[in-house]
Every structure is written in structure tokens, then in C-alpha cells.
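Subject: Structure handover and notes

Dear colleague,

Please find the structure below.

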Amino acid sequence: MSVILTLLAALIASGACAYHRTGLRTWAIATGVTTLVVGLLAGAPVTTVVLLIIEAAIAVPLLMPAFRRRQISAPLLKIFAKVTPKLSDTEQTALEAGTVGFEGELFSGKPDWHQLLSQPKPELSVEEQAFLDGPVEQLCAMIDDWQITHELGDLPPAVWEFIKKNKFFGMIIPKQYGGLQFSALAHSAVLQKLATMSATVASTVAVPNSLGPAELLLHYGSEEQKNHYLPRLAVGEEIPCFALTGPYAGSDATSLTDYGIVCKQVVDGAETLGVKLTFDKRYITLAPIATVVGLAFRMYDPEHLLGDKEDLGITLALLPRSTPGLQIGRRHFPLNIPFQNGPVHGKDVFAPLTTLIGGPHMAGHGWRMLVECLSVGRAISLPSNATGGVRMAVAATGAYARLRKQFGLSIARFEGVEEALARIGGLTYATAALSRATAAAVDRGEKPAVPSAIAKYHATEWGRIVAGDAMDVHGGKGVQLGPKNYAGRSWQGVPIAITVEGANIMTRSLMIFGQGAIRCHPYVLKEMQALSIADYGDRLKTFDRALFGHIGFGISNAVRSFTLGITGSAIGDAAGDAYTRRYYRKLNRYSAALALCADVFMGVLGGKLKFKEKLSARLGDVLSYLYIASAMLKRYEDTGRPEADRPLLAWAFHECVWRMQMALDGAIRNFPVRPVGWLLRVLVFPFGRREVPPSDRLGRRVAALITAPGEARDRLTQWAYLTPTANNTVGRMCALLPDVIAAEPVERKFQKAQKAGQFVSRDYDSQLLEAVKAAAITEGEAALLKRVRDASFEFISVDDFDPKELRAAVVRDEPTGKGLADAA
């Protein structure tokens with residue numbers, strides 16, 4: 001017994017040091033003293049001496065830096081250099097292009113929550129709020145989405161003119177160039193509000209502000225290019241597009257088949273140095289109306305006119321539409337969401353070197369430029385559009401479910417509908433927090449490569465789920481297209497967001513964990529970078545420091561994961577209030593589990609992990625849900641810890657944690673080295689999988705929140721266009737919602753009299769008169785019921801058409817028989 005007690009004390013002391021991440025010296029002293037004291041008190045001198053010898057054998061060599069480097073680190077450095085896959089130039093550029101924010105803490109296994117909560121609260125400036133309440137509100141009032149998507153296949157001229165006049169294309173352009181110079185949060189808010197009315201309008205505004213030439217010019221353009229283009233872009237005098245995607249390389253810039261050959265050509269009587277471009281691009285948003293085309297291509301210099309290097313690499317250029325040989329193709333038609341989109345072609349198109357973004361010295365730097373700008377754009381554009389869509393789904397579906405009656409009841413009271421409403425409310429809370437967090441990261445000056453991939457993937461995926469639930473609740477109302485249908489086009493357009501800016505399958509399988517594992521890990525990138533240090537002594541010192549930091553990090557995460565698992569996340573430092581402290585502790589546990597599994601997976605599988613995409617995807621899911629849950633907790637704090645929001649936070653948090661658990665379980669269960677998987681299961685799930693999805697009771701509370709006016713619903717629908725204008729069915733329906741709720745107790749009295757056989761009449765209006773005569777309801781109550789019934793009819797009605805209206809209208813030129821578009 002004394003031997004077991006001594007061993008147990010030594011293990012507890014070592015585990016406590018590992019849990020708290022003390023230094024090696026502290027571990028040696030604490031473990032040695034504990035072993036000595038407990039061993040002597042327990043009467044186990046032999047065991048004590050043996051343990052002290054073992055501890056000394058571990059600690060002494062490691063505490064002698066010169067010996068440790070020579071005898072331990074040097075051999076391991078040789079092995080590490082052999083087994084570590086060499087990063088390609090493009091991979092190295094991608095890793096170095098972004099920055100690491102709080103997602104790095106989540107990968108640490110011991111997040112510093114005070115760092116998260118100390119970040120400034122994202123807020124709109126007075127000027128930005130005025131723009132949202134003024135021009136954005138006015139633009140939303142002009143939008144007729146049925147006209148855009150069905151009748152015109154384009155924005156009306158008045159809408160185009162309004163967008164240009166009010167500088168919607170210049171939100172990110174500094175004021176010195178005539179732009180609005182808005183924050184990323186304001187940029188996101190504008191897109192969210194526009195998306196609640198029209199995905200076509202939102203997409204049209206999003207591209208010039210995120211993935212177009214303006215952002216590239218701001219970061220890399222020459223002063224001459226900035227002064228020429230930015231003022232024109234800000235007011236819509238120039239319409240930009242950026243051509244990256246091609247038939248054979250997709251959006252993979254590293255595999256571009258489009259090329260440019262450096263050469264000389266006579267232009268306007270003068271010999272000019274430039275590039276002769278051959279390219280074939282498709283899916284280019286705004287291309288059909290663009291006046292300036294950003295182009296990504298691979299640049300070659302076979303005659304060495306610029307230097308000794310022949311393959312200069314990926315390069316970006318700006319081509320005016322008037323460039324000879326530049327061909328803008330016909331329009332694509334993306335799933336009835338007719339934002340301007342089409343192909344761009346060119347063969348042997350000559351462009352002077354001055355057209356290169358940043359000038360000739362930026363030749364070959366296009367990949368870095370794309371990675372940095374795409375990460376910022378991906379953090380704002382699609383997450384914001386998706387967030388606007390789910391916010392409107394809350395407003396529309398919550399109101400519709402409350403006013404729509406079946407079997408004498410509001411359908412919001414049916415448990416099947418209630419389940420869908422809970423998903424809509426909970427996922428909207430999570431999506432809004434995620435979108436807000438990534439915009440805030442951009443405003444802090446970060447280049448959030450990993451969070452932007454998380455935001456793009458999960459916001460659009462949850463947008464798909466919410467759109468599906470909204471369609472289910474609306475039933476036939478959502479299926480019948482027409483001016484009265486505010487849900488159908490959103491459902492149709494969901495796959496567009498899923499597909500563009502990197503298809504979601506690839507984003508989840510390759511990008512999130514692929515970048516996060518190296519960028520966010522505190523030691524892996526340092527170990528890899530050590531290999532590139534020329535001086536062997538410095539290389540060994542750097543590697544040694546990173547290696548033993550990594551070893552201690554891994555041991556600590558194993559201990560923390562097991563300890564927090566067996567205690568049910570009931571211990572440890574945490575932030576927040578009494579309500580959320582348990583949430584922070586739960587995230588501590590899964591942060592440690594993620595860090596442990598990532599280390600083991602990378603250590604055992606090495607470079608093969610890159611090809612185990614399903615394992616990488618699951619670990620990426622864990623990182624994603626940690627980030628999203630953190631964003632929700634930050635949102636809860638920033639909004640003043642509102643008690644009304646707690647059901648939404650709880651539903652979304654439990655959903656995230658349950659998904660984390662299932663992702664970890666799937667990764668461990670499918671790990672190819674089974675004994676390692678068994679050990680990980682013991683450390684990560686010592687008592688098995690204990691997390692559960694949100695309960696039915698919690699879902700009922702969420703459904704109740706989004707089907708009645710209230711502060712929680714208002715926050716959930718923030719930046720949605722809900723003004724009850726003639727063009728905004730959802731706004732008018734939400735305006736009716738208080739009357740619908742007020743009428744419910746009156747309806748119950750009316751139905752009671754109806755079931756008692758007090759009415760002779762068959763039609764509703766006559767029955768109301770009889771109910772008043774029978775004193776079942778008052779005249780005022782009857783007026784309320786009639787007003788609600790008459791108003792509700794508009795919202796439950798669907799459109800019908802003359803068959804001729806549904807045929808494609810093609811106006812023919814009589815003499816030639818060609819369409820006018822063909823003739824043009």
C-alpha cells in the first residue's frame with residue numbers, strides 16, 4: 001500500500017505540473033519533493049529512492065542544454081528532416097500570408113479567455129449607422145426581387161444608378177480616393193441587410209468590395225494605379241471583375257494554365273515592354289458589364305528581358321475592357337440568381353508591364369496577393385450574405401408559423417414545426433456571431449486565413465439548413481414561385497454560396513485543419529522553419545527549443561484532456577458569469593482534446609495526414625466549433641449578457657459541443673493505427689460520449705422567442721430590412737405579428753362558441769356577427785379577428801399565372817429572325 005501511495009503521489013505531482021504547464025525545473029523539484037515526503041511518511045524508502053533516481057535520470061540530462069542538444073535533439077533533427085514533407089513555395093506562401101488570432105489560443109489546449117473578452121466590442125460608427133439607416137434602407141425599398149430574377153434577369157437601371165451614386169462599390173476605398181472607407185463590420189452589415197431583400201443585389205455589391213481589383217490595388221497597387229482607378233471604382237465609373245477561375249484549374253491559382261509571355265511590341269509607334277496573354281476564364285462575377293478586368297496568370301520570360309528567371313510565377317494584371325483581343329463572353333445563369341456573371345477569354349492579348357498590379361516589380365507575387373486578399377474577402381462577403389439570409393428566415397418563418405393555422409392551431413405549436421424553428425433560431429444565433437467575429441478580426445488588422453475558411457464553410461452550410469427548414473415550415477407557400485414568394489429564391493440560390501470562393505467540400509477537407517494545424521499550432525511551424533536555417537548551430541538551438549516545448553505541450557494536453565474528461569469539465573480557470581462559466585470550461589476540455597489529437601495524428605501519420613482528408617475534415621470541424629462557440633460567448637458578453645438570449649446561446653452552444661464530440665469520436669474511431677486510437681479514446685473520452693444535442697425543452701424556448709416580438713428576436717434580426725413597405729412582404733407580416741398574438745385568446749373564445757354549436761352561418765364574417773350577438777366576443781374583438789384574418793390572407797396566398805406568362809419571352813427581329821440580344 002505504501003508503494004502504491006508513493007507512486008500515486010509522484011504521478012499526481014507530475015500530472016499537476018503538466019496540467020498547469022510548469023517549467024521542467026519546477027516539475028523536477030515539485031515531483032522530487034512530493035516523492036521524498038510522501039515516500040518517507042508512507043514508509044517506502046526503497047520505492048522512494050528508485051523513483052528519485054528515475055526522476056533524476058529524466059530531469060538532469062534535459063536540464064543540461066548543451067548535452068540535450070548534442071545527444072537528443074541532434075539525432076532527432078536528422079530524423080525530422082527526413083520525414084518532414086518539404087513545403088512547396090505555394091504552400092509556404094499560403095502559410096505565411098495570413099495572421100493568427102484567437103484561433104491560435106483554441107489550438108493551444110489552454111485558451112486565454114481574457115484575451116478574447118478584452119478585444120474591443122465591434123460597433124458601427126455614427127457615419128456607418130447613418131448609411132445603413134439612409135442609403136441602404138432606401139435601396140432596399142427599391143428592390144423588387146421577382147422583377148430582378150424573373151422579368152429582367154438583371155438589376156433595374158434605377159437600382160444600378162442608385163448603387164453607383166451612393167458609392168456602394170466604394171465601401172472599402174479610402175476617403176482620399178473618394179470612397180466611404182467603412183469598417184469591415186459596416187461592410188458586413190450592409191451586405192447582410194441587402195441579402196435580406198435580394199441575393200442578386202447583395203452579390204453585386206459584395207464583389208467590388210471584397211474580391212475585386214479595389215482591394216488588390218489598395219494593398220499592392222502603385223500610386224499611379226491607385227490614383228487612376230480607385231476614384232473611378234468608388235463611384236461606379238469603372239466596374240471591376242477579377243478573373244481567376246478557369247475550366248482546368250478551377251480556383252487553384254497554383255495550377256493556372258493561363259499564361260503571359262514577356263515580349264516587346266510596338267504600341268502607338270513606340271516599342272513597349274509587356275506580356276502577351278492567353279487565357280480562358282469562367283464564372284467571373286460582373287464580367288459581362290466590367291470595364292476593367294483583373295486577371296491572374298502565370299508569367300514567363302523566355303528571352304530574359306526582365307532578368308535571369310524564366311518562370312516568374314503567378315502574376316496579376318488589370319486590363320481595360322477596351323484592350324484589343326480581350327473578349328467578354330455571354331452571361332452565365334447561376335440558379336435563377338441573375339447577378340452578372342460570365343466568361344472572359346483572350347489569345348495573344350498584349351498588355352504593357354504597367355498593367356501589372358503594383359508594377360513590374362510585383363511580377364510573380366500574385367499567389368501571395370491572392371491568398372491575403374481572398375482570406376479577407378472570404379471573411380466578409382459570403383458569411384455576411386449567408387447571415388442576412390438566415391436573419392430574414394427568422395423574421396419570415398417565425399412570423400409565418402405564428403399566423404398560419406392548421407387544425408385550429410398556429411403551426412408554431414406543432415412539435416415538428418417547433419423543431420425546425422429551433423434550428424432556425426439557434427443556427428442563426430451562431431451564424432451571426434461567427435460573421436461578426438470574422439469582421440471584427442479584419443477590423444483589428446488581422447488577415448484571418450483560418451477563421452475566414454471557417455466562416456465561409458459554416459455560414460453557408462448553416463444557411464443551407466436554415467433555408468431548408470424555412471421551406472419546410474412554409475410548405476406550399478415556399479414552393480410556388482411568384483412575387484408573393486419570399487423564400488423560394490433563397491432556397492434556389494443556396495448552392496451558389498456553397499460552391500463559390502472554394503467549394504465547401506474542399507474548404508472543410510483541406511483548408512481549415514490543413515492551415516490551422518500548422519499556422520495555429522504553437523510549435524509545428526517553428527520546427528519546420530528551423531530546417532531552413534543555414535547555420536547548423538542556430539538551427540539546432542531553434543529546433544531544440546521548439547521540440548522540447550512541443551513535447552511538454554503534448555504531455556500537458558494529454559493530462560488536461562484526461563483530467564477535464566473525468567471531471568466533466570467541472571474544474572479549471574474560466575471566464576464569464578455564473579451562467580456561462582461552465583461553457584468556458586467545456587471549451588477548455590475540447591481545446592485540450594483537439595491539441596492532443598492533432599499532435600498524435602501529425603506525429604504518427606506525418607505527411608500522410610495531408611491525404612487523409614476525412615480525418616483532417618473532422619479535426620477541422622472541432623476547431624471550427626471551438627471558434628464558433630467562442631464567438632457566441634463573446635457576442636453574449638458584448639451585448640451585456642442579456643438573459644433573454646440565453647436559450648439561443650444554450651441551444652447553439654450545446655449543438656456545437658455535441659458536434660465537436662461527434663467529430664472527435666469519428667476521427668479517433670477511424671484512425672488507422674488502432675492501438676493509438678484506443679489510447680486516445682481513453683484520454684479524450686474516459687467515460688464515453690456524454691454530450692447530447694439540445695433538448696426538446698430548450699428547442700421549445702427558442703421557437704417561442706422567434707415567433708413573438710421581443711428583444712431577443714430583435715437582436716437576432718438585426719440589420720434585416722423589416723420596414724413594412726409595399727415591396728417587403730416579410731416586413732408587413734412582422735408588423736402584423738403583435739395583432740396575431742393579441743388575437744389568439746380571442747380566437748380560442750370564438751372557437752369554443754363555434755364548437756358549442758352557437759353559430760348557424762357557414763361563412764366567417766357572419767359567424768363573427770353571431771359571436772358578438774351571443775356575447776361570446778366583443779365588437780372590438782370581432783374587429784381584431786377580422787383585421788388579422790384579412791391581413792393574413794395576403795401572406796398565406798400564393799401566385800398563379802397565365803400560361804403565356806411562364807414562357808421565355810424572346811423578342812424577334814422580323815427580317816432576320818434573330819433575338820435582339822443576338823443582334824446586339
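Predicted model: local features only at pLDDT ≥ 70, side-chain atom pairs only at ≥ 80, totals over all residues.

Residues are numbered from 1 along each chain as its sequence is written, and side-chain values use heavy atoms, with hydrogens and water left out.

Helix contact

Helices (H or I, at least four residues) and strands (E, at least two) are DSSP runs, numbered from the N terminus. Helix H1 (residues 2-20) packs against helix H22 (residues 536-566) at an angle of about 105°, and the axes are 8 Å apart. Axes here are lines fitted to C-alpha atoms, for helices over the stretch in contact, and angles run from 0 to 180 degrees between N-to-C directions. H1 is therefore roughly perpendicular to H22; angles of 65 to 115 degrees get that label, under 35 is roughly parallel, over 145 roughly antiparallel, and the rest oblique. H1 contributes Gly-15, Ala-18 and Tyr-19 to the contact, and H22 contributes Ile-555, Ser-556, Val-559, Arg-560, Thr-563 and Leu-564, where contact means heavy atoms within 4.5 Å. By class, five of these residues are nonpolar, three polar and one charged. Ala, Val, Leu, Ile, Met, Phe, Trp, Tyr, Cys and Pro count as nonpolar, Asp, Glu, Lys and Arg as charged, and the others, Gly among them, as polar.

Cysteines

Zero disulfides (cysteine sulfur atoms within 2.5 Å) turn up in a search of the whole structure. Buried means under 20% relative accessible area, exposed over 50%, and partly exposed in between (1.4 Å probe, protein chains only). Cys-17 is buried at 8%, and Cys-263 is buried at 12%.

Aromatic pairs

Rings of Phe, Tyr and Trp (its six-membered ring) pair if their centres lie within 6.5 Å; planes under 30 degrees apart are stacked, over 60 edge-to-face, and the rest tilted. The count is 17 aromatic pairs. In one of them, the ring centres of Phe-131 and Phe-182 are 5.2 Å apart and the planes stand at 70°, so this pair is edge-to-face. Phe-131 belongs to helix H8 (residues 126-142) and Phe-182 to the loop between helix H10 (157-165) and helix H11 (184-195), 51 residues apart. Phe-131 is buried at 7% relative accessibility, as is Phe-182 at 11%. Tyr-579 and Tyr-583 make another edge-to-face pair, at 5.7 Å centre to centre and 75° between the planes. Tyr-579 is buried at 18% and Tyr-583 at 1%. Ring pairs also link Phe-131, Phe-162, Phe-168 and Phe-182 into a cluster.

Backbone and burial

The loop between H10 and H11 also holds Lys-167 and Gln-181. Neither is a glycine, yet phi is positive in Lys-167, at about 65°, and in Gln-181, at about 55°. Lys-167 is partly exposed at 27%, and Gln-181 is partly exposed at 48%.

Ala-290 sits in the loop between strand S3 (270-285) and strand S4 (292-300) and is buried at 0% relative accessible area. Leaving aside residues up to four places away in sequence, Ala-290 touches Ile-239, Pro-240, Cys-241 and Arg-321.

Regards
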